[in-house]
Amino acid sequence: MMKLKKLVRDSIRNLAETPSIIVWKNFSSAGVPKEMADCVVIGAGVVGIAVARELSLNFGRNVLVIESASSFGTGTSSRNSQVIHGGIYYPAKSLKAYFCVRGRRLLYEYCKKHAIPHKQIGKLIVASRHEEVPKLNYLMNLGNENGVEGLRMMEGSEAMALEPELQCVRALWSPTSGIIDSHSLMLSQTGEAESQGTTFCYNNTVVGAHLEGQQIHLHISETESLRNWDCKSQRYPDVVLLPKLVVNAAGLSSAALARCFSGLNRGVIPQSYYSRGCYFSLSNTTVPPFRHLIYPIPEDGTLGVHVTLDLDGQVKFGPDIEWLNDIDDISSIQNKFDYTVHADRAKEFYPKIRKYYPSLKDGSLQPGYAGIRPRVSGPGNGFVDFIIQNKTVRIVEN
Ligand SMILES: Cc1cc2nc3c(=O)[nH]c(=O)nc-3n(C[C@H](O)[C@H](O)[C@H](O)COP(=O)(O)OP(=O)(O)OC[C@H]3O[C@@H](n4cnc5c(N)ncnc54)[C@H](O)[C@@H]3O)c2cc1C
């Protein structure tokens, strides 16, 4: 904790003005130290890192990133497909469609400029039965409306010539889709942020906050000290930070954490839903069967069990979808998520994959890893766009 206090002091060296400190009597009687800060970003995943970089590089702010794990990018940001999406699937004119297309263009530019390992390998969305072709046409129109470049419909024969192991009747070719080494991306942006004075403070967890007047007080505890906490007995944080700006980029637990911010209007915080997706890798193959990303027609609000490749060409299949119903807010903040991939899930993967890869051999799928998506809508509730809450929304209770 001494280290955290020193890091905070270092990060506020350029603060122009000092907000007034109103002492919260419980904390003062408990002797909890308080420190001023300019911007605090909660969470060092790909989002928190990018925000910290932007705030320090382009806005000249002093940024302190509080991360509960011992390093950056250990959450969802290292448990995904590492695909750079073209931007096809989102409803036209939605914010997600707009940002996916624009973000993809900017991401390729960034990768080139900073030598981030990536490959624009392209993707085939495949109809394995004639009845699926209208859905493929729908996706092509949607992608065109969203401004996705270079989309082209292929006859099955052309797609199968491109990918000899593939079975399909028609395919939609998306040349702008690709793959990226997401760890290198995060490393690069962390380095840029640090060179602008951002401080990354690991092994510390934001456990809540309260308001005194307009001043937010962030409650921080060492992650280690929370491990054996029963979640019931009252415990004081190790330090309270008084920042001018807080960015909650805590990923899976961001909504749960917001609910621990006393004074925040509960009505503006989205409900939390979690869905786990597992991956299986291919054993007993030395030559990868595919060279491009292969996706089935989306179903049940997911992109379907697809083929992704890493930058070495190794193939994996996934993710599937399993809704998790037993995660309460405290477990979420303590990062108590189960990432186990049970081998018996493979039996549901085989028929899904064989629709487009019929020669997949029995016994060739090996458990890989799992990732969990934080969602703001539950099963069957359809698409929900990004939510932007501005000054017209009553964020603070009064
Ligand atoms: C199975 C799966 C496949 C996906 N595939 C793709 C894909 O191919 N392409 C794509 O673009 N996206 C994909 N995604 C989505 C992508 O991975 C996420 O959008 C992205 O990683 C989210 O990053 P984040 O920074 O918001 O969250 P995270 O990476 O989870 O970062 C949040 C950080 O906050 C920290 N934290 C949490 N609580 C606290 C606290 N209280 N105090 C301090 N720190 C805290 C965590 O330790 C973590 O490091 C996929 C997601 C999943 C689950």
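Ile179 sits in strand E8, residues 178-180 (strands are DSSP runs of at least two residues, numbered from the N terminus). The model is predicted: local features need pLDDT of at least 70, side-chain atom pairs count only at pLDDT 80 or more, and totals for chains, interfaces and linings use all residues. Residues are numbered from 1 along each chain as its sequence is written, and side-chain values use heavy atoms, without hydrogens or water.

Ile179 counts as buried because its relative accessibility is 3% (buried means under 20% relative accessible area, with a 1.4 Å probe and protein chains only). Contacts of Ile179 beyond four places in sequence include Val83, Ile121, Leu293 and Leu309 (contact means heavy atoms within 4.5 Å). Thr308 lies 129 residues away along the chain, yet its C-alpha is 8.3 Å from that of Ile179.

## Strand E10 and its partners

E10 runs antiparallel to E11 (residues 215-222), joined by 8 bridges (strands pair if DSSP finds at least two bridges between them). Leu211 has Ile216 as its bridge partner in E11. The two strands form a hairpin with 2 residues between them. Gly213, in the turn, has a positive phi of about 65 degrees.

E10 also runs parallel to E13 (residues 261-262), through 2 bridges. There, His210 stands opposite Ser262.

Technical notes
Helices (H or I, at least four residues) and strands (E, at least two) are DSSP runs, numbered from the N terminus. Buried means under 20% relative accessible area, exposed over 50%, partly exposed in between (1.4 Å probe, protein chains only).
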